[in-house]
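Me: Pick one part of the model below and walk me through it closely, then tie it to its surroundings. Give me the cut-offs as you go, please.

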Amino acid sequence: MSTMTLQSIQEEYGDRATASPLERELYSRDLGPVPALMVDPLFRTRPDLIVRPGTTEEIANLVRRCGAEGIPVTPRAGASTVFFNAVPVKAGVVIDLNALTGVVALDEAGMTVTVKASTTWSDLEAYLNAGSLACKTVPSSAPAATIGGWLCMMGHGIGSLKYGSLLSQVRSIEAVLPDGTVKRISRTTEPSLDWFAASEGTLGIITEVELEVRPLRPMRHFLLHIPDNHAAVQVMNLLMAAQVMPYNLHFSDSCFVRAMQDLGLSQASPNPGGLLLVDYEGGTDELAEAGITIQKILKEYTSVTLLSESLAQTEWDERYKSIRIKRGGPAVLGGELLLPVNSLAGYLDDIRKMADVYSVNFLSYAHVVSPEQALVMSMFFADETKTLQYIINLSLVKKIQDAGYRHGGCPYGIGLWNTPYLRRIYSSSQLTVIRERKRKLDPLGIMNPGKVYRTPFMLNALNFSLGMEVLAGVRRIFGKGW
Amino acid sequence: MSNHNKTYNTLEQESLICARCGYCRGVCPVYRAIGWESASPRGKLSIARQVFSLKDQQKLDDEFVHRVTQCTLCGACAQACSTDIDLRRLYMDLRERIAGMGLAPKGYTALQANLAANRNITNFANQDRLDWAQDVDDPEQLEPRAGAEVCYFVGCVSSFFPQASEVALSVTEILTEAKVDFTTLGGDEWCCGFPLLASGRPDEAREFMQHNVERIKALDIHTFIASCPSCYHVWHQGAPEFLDGYKLEILHSTEYLIRLIKEGRLTLGEMEARITYHDPCDLGRNGGVFDAPRAIIQAIEGVELVELAHNRMQSLCCGGGGNLQSVDAELAGAITAMRVEEIKATGAQIVVSACQQCEQMLSAAIRKAGLKVKVMDISQLILEVLG
């Protein structure tokens with residue numbers, strides 16, 4: 001790696017470039033609380049240099065210069081993921097993209113907005129709402145997640161049930177490719193737009209996104225208390241088959257609800273059971289029809305209770321704050337997976353049995369992102385100050401993923417830490433296709449290396465499975481009360 | 001709803017609870033001005049976790065200490081926090097730990113020396129606290145007087161800084177006009193203790209608070225008003241510990257003045273103007289007072305009140321809080337400049353605030369930006385339209 005090049009970049013960018021130890025430390029992590037003991041011996045997560053460019057041209061210049069010297073480049077914006085998606089594993093340069101914010105153009109007639117890639121979803125939503133427009137879909141981490149970052153992570157979230165994934169709403173992007181060229185990319189270009197969805201910054205740096213918007217319309221929220229997970233899935237299916245498609249369906253299982261109540265964070269029904277938040281948006285007729293659908297369901301499922309409007313409104317208002325459960329931690333560990341909706345109840349039954357085996361309490365919620373699939377998060381409390389126990393507890397994350405896999409699910413997001421599950425996420429032919437794309441666009445492998453495409457040796461599926469099984473065995477015998 | 005409902009256990013626990021989600025970044029004026037992760041609330045908590053929760057003292061270096069002082073204590077991060085952490089309190093705790101280790105920045109030294117010697121933030125003697133009142137009709141009426149209906153707590157800035165003393169003069173004139181039986185603590189008024197809290201010296205701050213509460217009790221006064229939002233906030237939070245059953249209504253001046261308007265003790269005239277209102281952090285987000293100042297402005301016939309893009313709970317800081325000016329005046333100015341952009345966008349002729357510090361920061365930045373926008377404290381606005 002060229003020290004001269006790094007020095008020269010640092011000089012050129014002045015106070016927008018740093019190699020300060022404090023900054024390097026902070027840019028070597030994301031949300032995932034992985035102990036240094038597991039990271040430092042295996043990966044070089046501390047960048048050599050961090051740069052904050054302000055324009056597409058500056059980003060292109062940086063990428064070109066790093067490419068010429070084979071310096072790894074890791075793009076980073078909100079860094080609101082947990083798999084080291086935006087954390088370097090081979091040092092090099094981190095490009096902090098957070099200065100790239102703001103709306104570039106609004107086309108009200110065409111119902112599209114073009115926005116700089118590091119604008120947060122909350123900021124875009126606020127901008128659009130002021131003009132009686134809204135995003136079609138937003139991530140459940142909208143105050144931190146950025147437009148470009150979420151597209152890089154595939155983009156299933158709130159509103160996806162009605163309006164589809166983010167990819168389906170994006171018309172075009174501007175991206176800096178690994179060779180430093182700047183290209184406007186759509187569905188008809190080569191490379192194509194879909195290459196970049198879920199690419200996690202490995203194919204280039206998205207700098208602008210043109211996406212579809214919707215009119216801002218009134219909403220109606222219903223909160224259903226459902227004692228049984230199987231009934232919950234049946235109710236979800238009925239809601240999705242009804243005349244009006246809900247904008248959003250969010251299910252919290254009874255363990256999650258109970259934990260929130262214990263922490264004083266939920267005032268919902270004191271009876272055991274899960275909570276299904278059903279959100280509609282639309283015209284007066286649609287919202288009236290939604291009410292009729294809910295009443296039909298209440299008639300058919302006598303065990304289902306409709307909770308108050310104010311509780312439903314509170315659940316909706318706090319839609320970005322599910323992580324508040326962490327107050328029961330101090331840490332939470334868990335797995336996020338894409339699961340067939342119809343497998344949700346079976347999966348939850350399965351992990352409940354597993355919870356008994358490992359003397360742990362799994363708390364789960366599910367976000368329905370299409371009529372077929374739900375994004376499920378299952379988690380448990382942990383304490384990272386007890387390093388050994390904490391590392392052993394990590395084996396339960398794999399147990400969660402294994403349970404999901406048995407029910408047709410796979411991890412959501414790859415980064416570094418989910419590479420051991422690569423074969424669960426992609427078929428062989430799909431892997432061949434995405435690797436070929438990577439080879440084509442980034443033959444030198446400088447763009448966010450060590451992510452998505454291959455499993456590092458120490459994390460290869462066999463090592464990983466064996467290691468985790470041993471730790472799970474220890475956890476099973478000694479882990480009661482951890 | 002204000003930040004009062006936020007949760008706080010210990011620095012060690014809260015640093016671990018932080019999810020590092022980054023919801024705090026976009027709303028933090030310091031992060032917005034600086035741009036580096038270490039300037040963000042989550043960055044600071046991340047290091048605090050290493051140092052205090054995971055006991056890695058090596059991470060406690062000068063750069064981190066400087067970052068901890070680069071905070072206006074505006075509380076926007078606490079409002080955004082996904083895990084409900086009272087970050088404002090956490091920062092003060094963090095500053096206390098740092099001060100306890102002897103690592104407090106030099107910028108705090110002069111401030112603390114003044115407070116220890118003079119019981120106010122300046123190098124003026126505390127007996128001179130009422131010097132600002134020389135121009136009122138009867139300065140003697142402001143000397144401490146037992147049994148008055150109301151005690152007006154003037155605050156250090158309005159007592160000793162000529163520009164800010166306009167606020168004290170306006171409040172005095174309004175109260176006199178409304179025939180309110182009021183007094184002050186005069187030379188017995190000590191600093192409310194906020195600068196001590198903000199520099200990590202809560203025990204000393206408590207001494208100041210105790211002294212002031214005892215003075216109020218001795219005067220047998222049961223209504224307290226402060227025109228400084230930080231004084232108001234500190235009293236609201238800290239006085240109950242020392243009141244010990246003594247009944248004292250603690251109000252910001254805007255809450256008291258709107259009461260006078262509604263009771264018909266003050267009559268406001270007309271003013272043709274487009275006015276915007278800047279929420280002081282300690283009055284609004286941290287104090288929960290949003291409506292009283294707006295109600296006063298709207299009580300003036302002919303005024304058009306336009307809201308700033310960020311208002312009420314989402315209001316942006318003026319840059320003048322948290323002792324930031326004493327350690328990094330340039331950063332404070334950069335934060336004010338961001339707020340001035342929002343003021344400019346409203347097209348308002350007048351920006352009104354209810355804090356002498358906000359007024360000072362905004363006046364300087366508006367002058368620097370060459371804008372034709374008048375900056376007024378709400379008491380000055382009332383005075384201008386007093387019928």
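Reply: Two strands pair here if DSSP finds at least two bridges between them. Strands are DSSP runs of E with at least two residues, helices are runs of H or I with at least four, and both are numbered from the N terminus. Before we dig in: this is a predicted model, where local features need pLDDT of at least 70, side-chain atom pairs count only at pLDDT 80 or more, and totals for chains, interfaces and linings use all residues. Residues are numbered from 1 along each chain as its sequence is written, while chains are lettered from A and ligands numbered from 1 in the order in which they are written.

The part I'd zoom in on is the chain B sheet. Four strands make up this open sheet, ordered β2-β1-β3-β4 (chain B), with parallel pairing. At the edges you'll find β2 (182-183) and β4 (249-252) of chain B; each has a single partner strand, so one side of each has no neighbour in the sheet.

Now the pairings. β1 (residues 150-153) and β3 (residues 223-226) of chain B run parallel and share three bridges.

Zooming out a bit, chain B is assigned domain 1 (3-100), domain 2 (108-259) and domain 3 (267-385), with bounds that come from an automatic or database domain assignment. Domains 2 and 3 of chain B have their C-alpha centres 22 Å apart. Their contact draws 28 residues from domain 2 of chain B and 24 residues from domain 3 of chain B. On the domain 2 side, the elements giving two or more residues are α7 (107-118), α8 (156-160), α9 (162-177), α10 (194-198), α12 (229-238) and α14 of chain B. By class, the domain 2 side has 14 nonpolar, eleven polar and three charged residues. For the classes, Ala, Val, Leu, Ile, Met, Phe, Trp, Tyr, Cys and Pro count as nonpolar, Asp, Glu, Lys and Arg as charged, and the others, Gly among them, as polar.

Last step out is the other chain. 25 residues of chain B are in contact with 29 residues of chain A. On the chain B side, α1 (11-17), α3 (41-53) and α4 (62-69) each supply at least two residues. That side splits into nine nonpolar, ten polar and six charged residues. As for chain A itself, its assignment gives domain 1 (3-96), domain 2 (103-215), domain 3 (219-323) and domain 4 (329-478).

Technical notes
Contact = placed C-beta atoms within 7 Å.
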